[in-house]
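Me: I would like to learn how to read the interfaces between the chains of an assembly. Could you take me through them one step at a time?

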8 protein chains.
Amino acid sequence: MQTNPSSPLVGILMGSDSDLSVMEKAAATLQEMGVPFELNISSAHRMPDKTAEYARTARERGLAVIIAGAGMAAHLAGVVAAHTTLPVIGVPLKSGALKGVDALYSTVQMPPGIPVATVAIDGAVNAAFLACQIIAVHDAELAKRLDDKRAETRTKLEEKARKAKADLGLD
Amino acid sequence: MQTNPSSPLVGILMGSDSDLSVMEKAAATLQEMGVPFELNISSAHRMPDKTAEYARTARERGLAVIIAGAGMAAHLAGVVAAHTTLPVIGVPLKSGALKGVDALYSTVQMPPGIPVATVAIDGAVNAAFLACQIIAVHDAELAKRLDDKRAETRTKLEEKARKAKADLGLD
Amino acid sequence: MQTNPSSPLVGILMGSDSDLSVMEKAAATLQEMGVPFELNISSAHRMPDKTAEYARTARERGLAVIIAGAGMAAHLAGVVAAHTTLPVIGVPLKSGALKGVDALYSTVQMPPGIPVATVAIDGAVNAAFLACQIIAVHDAELAKRLDDKRAETRTKLEEKARKAKADLGLD
Amino acid sequence: MQTNPSSPLVGILMGSDSDLSVMEKAAATLQEMGVPFELNISSAHRMPDKTAEYARTARERGLAVIIAGAGMAAHLAGVVAAHTTLPVIGVPLKSGALKGVDALYSTVQMPPGIPVATVAIDGAVNAAFLACQIIAVHDAELAKRLDDKRAETRTKLEEKARKAKADLGLD
Amino acid sequence: MQTNPSSPLVGILMGSDSDLSVMEKAAATLQEMGVPFELNISSAHRMPDKTAEYARTARERGLAVIIAGAGMAAHLAGVVAAHTTLPVIGVPLKSGALKGVDALYSTVQMPPGIPVATVAIDGAVNAAFLACQIIAVHDAELAKRLDDKRAETRTKLEEKARKAKADLGLD
Amino acid sequence: MQTNPSSPLVGILMGSDSDLSVMEKAAATLQEMGVPFELNISSAHRMPDKTAEYARTARERGLAVIIAGAGMAAHLAGVVAAHTTLPVIGVPLKSGALKGVDALYSTVQMPPGIPVATVAIDGAVNAAFLACQIIAVHDAELAKRLDDKRAETRTKLEEKARKAKADLGLD
Amino acid sequence: MQTNPSSPLVGILMGSDSDLSVMEKAAATLQEMGVPFELNISSAHRMPDKTAEYARTARERGLAVIIAGAGMAAHLAGVVAAHTTLPVIGVPLKSGALKGVDALYSTVQMPPGIPVATVAIDGAVNAAFLACQIIAVHDAELAKRLDDKRAETRTKLEEKARKAKADLGLD
Amino acid sequence: MQTNPSSPLVGILMGSDSDLSVMEKAAATLQEMGVPFELNISSAHRMPDKTAEYARTARERGLAVIIAGAGMAAHLAGVVAAHTTLPVIGVPLKSGALKGVDALYSTVQMPPGIPVATVAIDGAVNAAFLACQIIAVHDAELAKRLDDKRAETRTKLEEKARKAKADLGLD
């Protein structure tokens, strides 16, 4: 990657400050993986022009991927995707009475031509990993870090498995 | 109403020409009720700027109500509502695998501050009646026509009921 | 508007006193927007005659819009809509095992001719804003207040966004 | 039963003439079981006063049970139940995009005090059997006919089973 | 009714002792309405023979109605209905991950010939009222008590409405 | 296996002759795998005693597994499971308005102690394979045939894949 | 059974250590029924090779049944089933926003040829009973213990029923 | 891009040849956008080893993105994602009784660490566009083609809109 390392490659957007508790996990994951990012709150409905402007200028500002998290009638990712051909990752958030099913459908069921790469409800961590995987298509070093991270996760899980079996007296 | 009768009071929008077969029923109902309207196809995702512009200028162009029909991740009504404080009526359309449940949730579950007046899935006729009822708040003549229309519907239904019972040999 | 400012323009109805905690947000929003309203508890099932009478006389008593909130088999908005051609806004409430999906379907899936303008589950605030938007079709001053309110909301959200980024050390 | 045999004991109601193709099965079943009935089309929303009047006078007119079939936001059974303490059987009908889930929830999720005895979606036949079972609580002869009918159904099913096995070459 | 008043007319069944907290509301309502009842725990799956026997002998033991409450794959009401032509009222209970949707579908979607009169999820109170309404078809005094109860409920609700408005400073 | 090869090891049950078109696929699969079976129609609700008797005597009659297919409020597998400790495989069938979701929930959500091994909606073929896999736990030859069948399926799929690519001009 | 009693017959797998609180109930039930088992944590996604290896070698290591519990996009049971023709029991776990509906569909809707015997959401106890029932097809003593266990459960439930009725003053 | 233009950048996978009618739209879209691809049928359950091998070697074979389409318990995308850190796009397919809701949940609800970029049910076209957008992060020319394609789509839609209005006599 010829990009200036301090310049953000991933833009994290969310529709409301109440979404921060989930979406900051995307930030933490990107930080851990060493991928520079920026984070903004920009509602598709309450700040439509700012949101459109953000998406429209994203590529020229050097962003490679946009992550958009929103709940209920979650239009944010779709609105962003309408204004850029950068990959847009949608994180449907679990809020309100329908617990995120509404946000999932609103995010994933996009019409032909305007895709949103949707992850699980409240899946902010995976949105960040997916952003890394997209950037790593041309960044062998980051691809290596992703592989290492998987190995590390596997090792930790194996350790937990051993401990769990010991706790149950099953080893 | 002091509005020029030939100037449209209701704007019917839809995201795709494939929505016409349902949405033209809204047009037919408005025509029957004598309410002037315009009809446009403007996708929230494929024509975002035109859609925003349409909504932003709607009030000054003399529109009183906007009806927006869309299927799947139906963002159209919400995107329109984000750009105007005119009442926006959303018609979730039954298309794709989820048969309109996605469109219903995407249309109705709007965040505080940006309401969409949602009607039934494929409820284009009721969207038109609702638009009429909104306009009739200050148009006593239209209110009268709405009452007459209900009486007429009731009479037709009673006639059908009589015929149905006769057909079954139950009268 | 030639209406006496102290005479209510919006009637807020709900089926049970247990609905008050949600529905009083509609009252608070109308108060903030300066729109006179009245509030009543009138169950579609336990007080059917009073409910019908309320709807039937609403227009002549000077109401412009009725907001009806109900949970479970939420028939209130539909029953009210059957007795008036005023715009009726339905608020499906999240109560019981189905968490408001039942109330949403019971409120929004109305048959042709009798529309209910449905908002989100527990969307009492938006019901009030929608009522304001309907009244503002012929009240330029209220339309202005609605625009101002949106601008104010946007400013507050931008301020929260700045604060959130500062808290995360991202500014 | 001291009731005049020719006077109807069961009132079958439906909201629209399009519901007849399903609801006439209730009529056919009652006829087969020898229970006198009447059948009417009376929409909860388009003929609210007639519907209320029908329910309010049902007991004094000699009805023992009311069967109400409706689709979508199926308020008919609930509205009828609000105006009588006779047992009301609700038949949710499969119409529109939601295929009867809306009608099921609108019919069954009634608030405390106003029950609707709900049967399966499009379950008009069972509505009629349930009406018979209710009347048979005090009509030993009808109870006997119900038992006989079950035995007859069982015998027919056993015959079909034998035929099916023979067709498959499995007997 | 010629029945000995102390002999139970309604049999309340449930599949597990954990269902008691909901189902005892049916008992309380029957008690309040002066309808004699019995209450038993009898699982469709863990005590199938006892359950079948209970249903098979219900009519001859003088029962007029059976109320069956069960959660999850709620087969109890259906299994009881298979063994009697008395009216069987099913109460789907909200337990487990699916929160009663499973129990609702398992209870209401019965095949032709074997109806279950289904009430709302956790609707034990309405099951009792429905049982009363069924018995009241031939018990004018109970019908009168049901009417009085409705009037009393209405009065209480009106009183609550007055109090709520006073609390909000809206009277 | 010491069992007489001509004596059935698997009992296929279904609630109605209309279920045959799906359930005969289970028979065909068992036949192909060389596992002797019997097939019967026995409704949980319309033939409860025969069904209970069938289940109760299944083990002593030499059955190893019972496959039960039913639609709507699909109680058949559960009722059978209540009367035997043989493994019972439930096939939820897609019939009626809810398209098998009701049958899936009614079949799979069994209470502790009475399991039903549930396969996909209309999954009669897999019910048969699962029955084979259960029997193959102690039948090495059948286990071998199952492995061979999988290899054969794989080979056929690879052939189809080659053909499909050739058809698309992609090889 | 000729198997060495101390060698495990059932393998309990789960995708994460957070699944232990539910899945250890399967272990407890197997222990109570005297069926030797092993327990492992092996994620389908994070340890795919170990999981495949586990399944591929299961039969030769003497396992008769595998129980696999997983939440959300619960692929574990299906992935295991793809690598063995032993019976695989899937336990969909209630985790995340969709509360186990996702896990249920991911577990039960397997394609023809690769069945998963699915039990209720969080149904770890029944997974263990089903495993016992499968093993008991050729283990008369275990079949006897399963029958005894059912009788014991029935007796306990009857005792609880007596106590509950006494507590309510209904005996 | 330094990649040999004739070497595939996108791998399209599907679980069955019956998925071809939908998935070939992804191929057509990639072809139109000038992005080299390969297409294979490889079932997660019936060819698990080949599928794992395909994913494990994808990056070294020069693939940048994998598109995986599957229906029902759609494990394919997840299984592929478990074996590579390349971006994996999942296309849930509408097959079977649940019409793709099962496939959507099975595809999108992945656990932390193993993301699948999910598009709409049957959204093969968008999967291809998303793949293009991912590749275009480092391919300015492709990014330009994507922008041009959007402009072309917009122009076509505007033309259709004009024609539709003319057909309705509304221009």
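Me: How many residues does the contact take from chain C and from chain E?

Reply: Bear in mind that this is a predicted model. The contact takes 16 residues from chain C and 15 residues from chain E.

Me: How should I read the area buried between chain C and chain E?

Reply: The size of an interface is often given as the accessible area lost when the parts come together. In the case of chain C and chain E, the buried area is about 1300 Å², and carbon and sulfur atoms give 77% of that area.

Me: Which side chains meet in a salt bridge between chain C and chain E?

Reply: The rule finds 1 salt bridge across this interface, and the side chains that meet in it are those of Asp17(C) and Lys160(E), at 3.8 Å from N to O. Besides this, 2 residue pairs are counted in polar contact between chain C and chain E, both residues being at pLDDT 80 or more. On the side of chain C that touches chain E, the elements giving two or more residues are α1 (20-33) and β2 (37-41) of chain C, with β2(C) providing the largest share, 4 residues. By class, that side of chain C divides into 8 nonpolar, 4 polar and 4 charged residues.

Me: What does the interface of chain E and chain D bury?

Reply: Here 41 residues of chain E are in contact with 41 residues of chain D, and the two chains bury about 3300 Å² between them, 59% of it on carbon and sulfur atoms. Thr85(E), Pro115(E) and Arg150(E) supply 20% of the area that chain E buries against chain D, more than any other three residues. Among the elements that give two or more residues to the side of chain E that touches chain D are α3 (76-82) and α6 (140-167) of chain E, but the largest share, 7 residues, comes from α5(E). That side of chain E has 29 nonpolar, 9 polar and 3 charged residues.

Terms used. Residues numbered from 1 in each chain as written. Chains lettered and ligands numbered in written order. Predicted model: local features only at pLDDT ≥ 70, side-chain atom pairs only at ≥ 80, totals over all residues. Heavy atoms only, no water. Contact = heavy atoms within 4.5 Å. Buried area = accessible area lost by both parts, 1.4 Å probe. Salt bridge = Lys/Arg side-chain N within 4 Å of Asp/Glu carboxyl O. Polar contact = N/O pair within 3.5 Å; in protein donor to acceptor, adjacent residues only side chain to side chain. Nonpolar A, V, L, I, M, F, W, Y, C, P; charged D, E, K, R; others polar.
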